[in-house]
Amino acid sequence: MGITITIQREIPYIIGLVVLISGACVWIGHKIKNTDPLEKPKGVVMLACWLVELIDNTVGNTVDKKHVKRLAPYIGTIAIYIFLSNISGLFGLFPPTQNYSVTLTLALITWIMIQYTCIKENGLGSYLHGYIEPFPLFLVPNIFGRIAPLISMSLRLFGNILSGGIIMSLVYTFTGFISSMVIGLFVSDISVFNFIGPFVAPVLHAYFDVFSGFIQMFIFITLTMVFIGNELPQE
């Protein structure tokens, strides 16, 4: 009896997106390396400098300045990956963030960083003792409280991106049906072109793909910074 291996349809797009981001980082790094530091940056170098400064300032507004250098690279990486994943539907691709395995993995990385930061800053004993504070009877609620960010962050990102994709599919189906009815009034037995969709879809794509994709990315990185920042000592 043979073994059947099923590859999820998002896997090729996940790999392609990782290769694209990695290649862009190598190319930009090469550009920066060959740039004269005494000259004013321009082109892609200027864009990279602006993006790094924006991410550093965003992280610095949430956590203490001394932790920015450690946290900002991670925040910048997941921000770029999530945003590009969210808007990939504009190019006829399957958005990786419509797959719960992807959003769960991203949330799991953040969750592990939260636990690691808590243990590093407070010690393992204090971390374990936190599960029975203020009384041992609170053990179960405290366990659920620790796991809650993992579930909420992964489901929020997955649900919003998936719902946007479903709505757009329904829009294209409906406009295709209306187009067939209109053309059917004049011509029969002919393949129907969805001529209504291109007039309706751009506005909806701008909201569900671009705007909503950016908002969900921003919410994810904000929650990441807040949860990790809460475990860091405040000056």
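Visitor: Where is Asp209 placed?
Guide: Asp209 sits in helix α7. Keep in mind that this is a predicted model.

Visitor: Is Asp209 buried or exposed?
Guide: Asp209 counts as buried, because its relative accessibility is 10% and the cut-off for buried is under 20%.

Visitor: What does Asp209 touch?
Guide: Leaving out residues up to four places away in sequence, Asp209 touches Asn86, Ile87, Leu90 and Leu204.

Visitor: And how far apart are Asp209 and Ile11?
Guide: Their C-alpha atoms are separated by 20 Å, and the two residues are 198 apart along the chain.

Visitor: Where is Ile11 found?
Guide: Ile11 is in helix α1, which covers residues 11-33. With 31% relative accessibility, Ile11 counts as partly exposed. Ile11 can also be set against Val203: they are 192 residues apart in sequence and 29 Å apart in space, C-alpha to C-alpha.

Visitor: New topic. How do helices α3 and α4 cross?
Guide: The axes of α3 (residues 68-87) and α4 (residues 100-122) come within 12 Å and cross at roughly 170°. The angle is over 145 degrees, so α3 is roughly antiparallel to α4.

Visitor: Which residues make that contact?
Guide: From α3 there are Arg70, Leu71, Tyr74, Tyr81 and Ile82. From α4 there are Val102, Leu106, Ile109, Thr110, Met113, Lys120 and Glu121.

Visitor: How many of the contact residues of α3 and α4 are nonpolar, polar or charged?
Guide: The contact divides into 8 nonpolar, 1 polar and 3 charged residues.

Visitor: What about Ser88, where is its place?
Guide: Ser88 is in the loop between α3 and α4. Its relative accessibility is 7%, so Ser88 counts as buried.

Visitor: Which residues does Ser88 touch?
Guide: Not counting residues up to four places away in sequence, Ser88 touches Leu93, Phe94, Pro95 and Pro96.

Visitor: Back to α4. Is Thr103 buried or exposed?
Guide: Thr103, which lies in helix α4, counts as buried because its relative accessibility is 0%.

Visitor: What is Thr103 in contact with?
Guide: Setting aside neighbours within four places in sequence, the contacts of Thr103 are Thr97, Ser154, Leu157 and Phe158. Phe158 also takes part in an aromatic pair, with Tyr100.

Visitor: How many aromatic pairs are in the whole structure?
Guide: A search finds 8 aromatic pairs. In the pair of Tyr100 and Phe158, the rings are 5.4 Å apart centre to centre, with 65° between the planes. The pair is edge-to-face, because an angle over 60 degrees counts that way.

Visitor: What do Tyr127 and Tyr131 form?
Guide: Tyr127 and Tyr131 form an edge-to-face pair, with 5.4 Å between centres and 90° between planes. Tyr127 is buried, at 9% relative accessible area. Tyr131 counts as buried too, at 15% relative accessibility.

Visitor: Which residues do ring pairs link into a cluster?
Guide: Phe83, Phe214 and Phe218 are linked into a cluster by ring pairs.

Visitor: OK, salt bridges. How many does the structure hold?
Guide: The structure holds 1 salt bridge. Arg146 forms it with Glu231, and the closest N and O atoms are 3.9 Å apart.

Visitor: Which helices hold Arg146 and Glu231?
Guide: Arg146 is in helix α6 (residues 139-184) and Glu231 in helix α7 (residues 197-231). The two are 85 residues apart, so the pair links distant parts of the chain. Glu231 is buried, with a relative accessible area of 18%.

Visitor: Which peptide bond is cis?
Guide: The bond from Glu133 to Pro134 is cis, with omega near -5°. Pro134 is in the loop between α5 (124-129) and α6.

Visitor: Last one. Where is Ser126 found?
Guide: Ser126 is in helix α5 and is partly exposed, with a relative accessible area of 39%. The C-alpha atoms of Ser126 and Leu108 are separated by 22 Å, the residues being 18 apart along the chain.

How values were computed:
Residues are numbered from 1 along each chain as its sequence is written. This is a predicted model: local features need pLDDT of at least 70, side-chain atom pairs count only at pLDDT 80 or more; totals for chains, interfaces and linings use all residues. Side-chain values use heavy atoms; hydrogens and water are left out. Axes are lines fitted to C-alpha atoms, for helices over the stretch in contact, and angles run from 0 to 180 degrees between N-to-C directions. Helices (H or I, at least four residues) and strands (E, at least two) are DSSP runs, numbered from the N terminus. Angles under 35 degrees count as roughly parallel, over 145 as roughly antiparallel, 65 to 115 as roughly perpendicular and the rest as oblique. Contact means heavy atoms within 4.5 Å. Ala, Val, Leu, Ile, Met, Phe, Trp, Tyr, Cys and Pro count as nonpolar, Asp, Glu, Lys and Arg as charged, and the others, Gly among them, as polar. A salt bridge is a side-chain nitrogen of Lys or Arg within 4 Å of a carboxyl oxygen of Asp or Glu. Buried means under 20% relative accessible area, exposed over 50%, partly exposed in between (1.4 Å probe, protein chains only). Rings of Phe, Tyr and Trp (its six-membered ring) pair if their centres lie within 6.5 Å; planes under 30 degrees apart count as stacked, over 60 as edge-to-face and the rest as tilted.
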